[in-house]
Amino acid sequence: MILTVQRLVHTAITDAMRRQYPGVDIPPFVVEVPPNRALGDLAVTVAFQLARPLRKAPKVIAQEVADALGAIPGIARLVVAPNGYLNLYLDRPAFIRPRMRGEVAGLPATPEKTVVEHTAINPNKAAHIGHLRNAALGDTLARVLRFRGGPVEVQNYIDDTGVQVADVIVGFRELERKSIDDVRRIAETTRFDYYCWDLYSRVTEWYAEDSARLEVRAAALHELEHGGTPVSELGALIVDRIVRAHLRTMARLNVSYDLLTYEGDILRLKFWAHAFDILKAQGAVFLQTEGKLAGCWVMRIEAAGTPAVEAEGGDDGGPDNREKVIVRSNGVVTYVGKDIANQFWKFGLLGRDFRYKRFMTQHTGQTLWATTSADSDPAAPPFGRASRIFNVIDSRQMYLQALLSQALRTLGHPREAENSVHFSYEMVALSHATARELGYPPDDDENRKPFVEVSGRKGLGVKVDDMLDLLAAKAAKEVAARNPEFTADECGRVAAQIAVAAIRYFMLKFSRGKLIVFDIEEALSFEGETGPYLQYAAVRAHNILQKLKEREGISEADVLAALDGLACDELSGAGDGTHDLWALTLEASRLDEVVETVIRSLEFAALAKYAFGLAQLFSAFYHKYPIVNEEDRDRKLWRAAGVAYFRAQLTRALALMGIEVPARM
RNA sequence: GCGCCCGUAGCUCAGCGGAUAGAGCACCCGCCUCCUAAGCGGGGGGCCGCCGGUUCAAUUCCGGCCGGGCGCGCCA
């Protein structure tokens, strides 16, 4: 879209400077889009940067560069601003026509495979708003990477052998005295993830009453890990039903996956044992024989400030030798160990592979695969073997994620270590008002903080499905009021799309380093900077084009075909001097540039803000300029083309955020 | 104590080397015989936490403070 032109200009200016100032180092510079159209469409500040080495005024340099610069295709004129900016004005019709027609190719795709791991909710309770941030970020990351080109594989890690699952097992067996058949029946007749949500917090209280009861958990966990017992069978049932509930919730949000990776398979297929051999052989882990960690296999930690126990020996003033336990003295591997094995597998460095089975067909029609320890489906595609991995996990997991890179580096895989990315973000907490609404009056301690922490263990959190239901109910009312001719079914469908837009946009509009204090009231808003506002803009654009077709028989194809023969006043602003149509379409063309920035910074708030700004530009345009009712044919068609282009680009931007545009709303 | 993150309008947040620091919400004033008012226009409201440094240029980069959050287990 616009990137091709920016690169062209960059090259031309670089060449001009090389000719003009032979022997002078050309500093790196960028071709930016100035704050408003009066200042041009593109701007370069390289004259400022050259002022010192050339010992000349920026304005003089800018003029010299301008003089040395021949005609650049697509650039109508170049202005040297009094302060030294080089401002470029595009040949507007020549720029926008092929883009409106979708004739401009994007940048070449990268052939390297990327694995994105996200969601990874403990399969023992309903998904809450904290999990939602993870999934929204992870899914958007996958969409953005696919937009840019190149294969992307989305994995969802299922910790089916962890304490959290053990806790729910304990709940069913000890608190409720349920048999596996009872549990199966409960799963069939209730919202099972909600049921377990409550049970889990009851188990937590049950432990708190008598710490000796933790022995029960330990025993359940042990059976879960080793399998072949009624406890592990119950665990498998719980996990399966909860995972399916999570997938249903995620499907509502337009989130899908390629592969479910089960921790149990990592154990059963001896991934860890194999990884352990590699780590030992390379000396990445060693058996500690002294001190507190005697009997443990440990890894030296390089990252400064990394937690762990200091090594034995006089360490006064010595280097900070810290160690992280990988295998406990009782021989049980820690979660770090399992994660290292998994990370190695994702890069194809483990020398082992999972076995695979079809898990289900998703709402997209695409097959979701799962790992298995039984026979593999020969039709399974190749998984893993990535060149780049994004692990979407909140910032609290920083050290563990750093360890993964370190393990890769230690074992001689510096490139993989570099491409092992912790996609980190801050957590989601609850506002006091929302916590109160959920029936948790904040105690004095919590009152001192501006927020209340979400806690699955305490059962404190906003469930994703509840939030979606609330949003959809509110949206349905609005949709019904505005579209009396809609059936209940249509209303429901559109309301669901609006609900997803509201919540996904809300999760994306904050930069990832920002803690979100989630407030139900705030998230329920459909006005201002919200997902529904964006959808509304696209819907109105769509309506204009619909009306044009219905009333005058002018299709979008007709509009595009007519462009070549039209006077361009409307686009160049020659009439009343305004540049609104141009401002709108130029901004719409920036999507590819924005995506590049987003991938570089991993900051989706930039994408969200861009889409919002674009929608605002359109909304203002919509009010100011008639299209269906415009009498001047050339103006009318240019505007219509602009509206069509806006709609196409905004729709693409929204799709990157997993937001759909309803036909009406 | 060490590490990471945050500190910008009343509130929630963008901007993160460059041209007058922006948006949403809230508040006030306007706008629906005309393509959906989930909208548009206008208004008030800012020592960009503080102190230094680098730079032609710092809200933006660097250092030091101050304030807040998170992490620091033979849990995951």
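This is a predicted model: local features need pLDDT of at least 70, side-chain atom pairs count only at pLDDT 80 or more; totals for chains, interfaces and linings use all residues.
Ser373 sits in the loop that runs between strand β13, residues 367-372, and strand β14. What does Ser373 touch, if we leave out residues up to four places away in sequence? The contacts are Asp265, Arg268, Leu269 and Arg355. With Asp265 there is also a polar contact between the side chains, at 2.4 Å. For a sense of scale, take Ile498: 125 residues separate Ser373 from Ile498 in sequence, and from C-alpha to C-alpha the two are 41 Å apart in space.

Now to the sheet on either side of that loop. Both β13 and β14 belong to an open sheet of seven strands, in the order β12-β13-β7-β6-β5-β14-β15, and the pairing is mixed. Its edge strands are β12, residues 355-361, and β15, each of which pairs on one side only. On average, neighbouring strands here are turned by 25 degrees against each other, with direction ignored.

Let me go through some of the pairs. Strand β7, residues 259-262, runs parallel to β13, and two bridges join them. Leu259 has Trp369 in β13 as its bridge partner. Two helices pack on this sheet. Helix α10, residues 230-252, touches β6, β7, β12 and β13, and its direction makes about 55 degrees with that of β12. Helix α14, residues 398-410, touches β14 and β15, and makes about 175 degrees with the direction of β15.

On one pairing, strand β5, residues 114-117, runs parallel to β14 with four bridges between them, and Val116 stands opposite Phe390. β14 also pairs with β15, residues 420-423, again in the parallel sense and over four bridges. In that pairing Val392 is opposite Phe423.

Three strands make an open sheet in the order β17-β16-β18, with mixed pairing. β17, at 452-453, and β18, at 516-518, are the edge strands. β16, residues 428-430, is joined to β18 by three bridges, and the two run parallel. Val428 stands opposite Ile516 in β18.

Next, the nonpolar cores. The largest has 177 residues. Which residues have the most contacts inside it? They are Leu42, Ile129, Phe172, Met467, Phe518 and Met657. The helix that gives the most to this core is α19, residues 488-508, with 13 residues. Domain 1 and domain 2 both contribute residues, so the core lies between them. Apart from this core there is another one, of 37 residues, and Val285, Val327, Ile389 and Leu411 are among them.

About those domains: the assignment for chain A gives domain 1 as 3-90 and domain 2 as 531-656. Their centres, taken over C-alpha atoms, are separated by 29 Å. Seven residues from domain 1 and eight residues from domain 2 take part in the contact.

Helix α24, residues 580-588, is mostly covered, with eight of its nine residues buried. The buried ones are Leu581, Trp582, Ala583, Leu584, Thr585, Leu586, Glu587 and Ala588. What covers them? The covering elements include strand β4 at 86-90 and the helices α4 at 92-100, α23 at 569-572, α25 at 591-601, α26 at 605-624 and α27 at 633-656.

Between α24 and α25 there is a loop, and Arg590 is in it. Is Arg590 buried or exposed? Its relative accessible area is 18%, and buried means under 20%, so Arg590 counts as buried. The Arg590 side chain makes a polar contact of 3.0 Å with the side chain of Glu593. Setting aside neighbours within four places in sequence, Arg590 is in contact with Ile2, Val33 and Tyr610.

To go back over the main points: we began at Ser373, in the loop between β13 and β14, and both strands are part of the open sheet of seven.

Definitions and conventions:
Residues are numbered from 1 along each chain as its sequence is written. Chains are lettered from A and ligands numbered from 1 in the order in which they are written. Side-chain values use heavy atoms; hydrogens and water are left out. A nonpolar core is a set of buried Ala, Val, Leu, Ile, Met, Phe, Trp, Tyr and Cys residues joined through side-chain atoms within 4.5 Å. Buried means under 20% relative accessible area, exposed over 50%, partly exposed in between (1.4 Å probe, protein chains only). Domain bounds come from an automatic or database domain assignment. Two strands pair if DSSP finds at least two bridges between them. Contact means heavy atoms within 4.5 Å. A polar contact is a pair of N or O atoms within 3.5 Å; within protein, one must be able to donate a hydrogen and the other to accept it, and residues adjacent in sequence count only if both atoms are side-chain atoms. Axes are lines fitted to C-alpha atoms, for helices over the stretch in contact, and angles run from 0 to 180 degrees between N-to-C directions.
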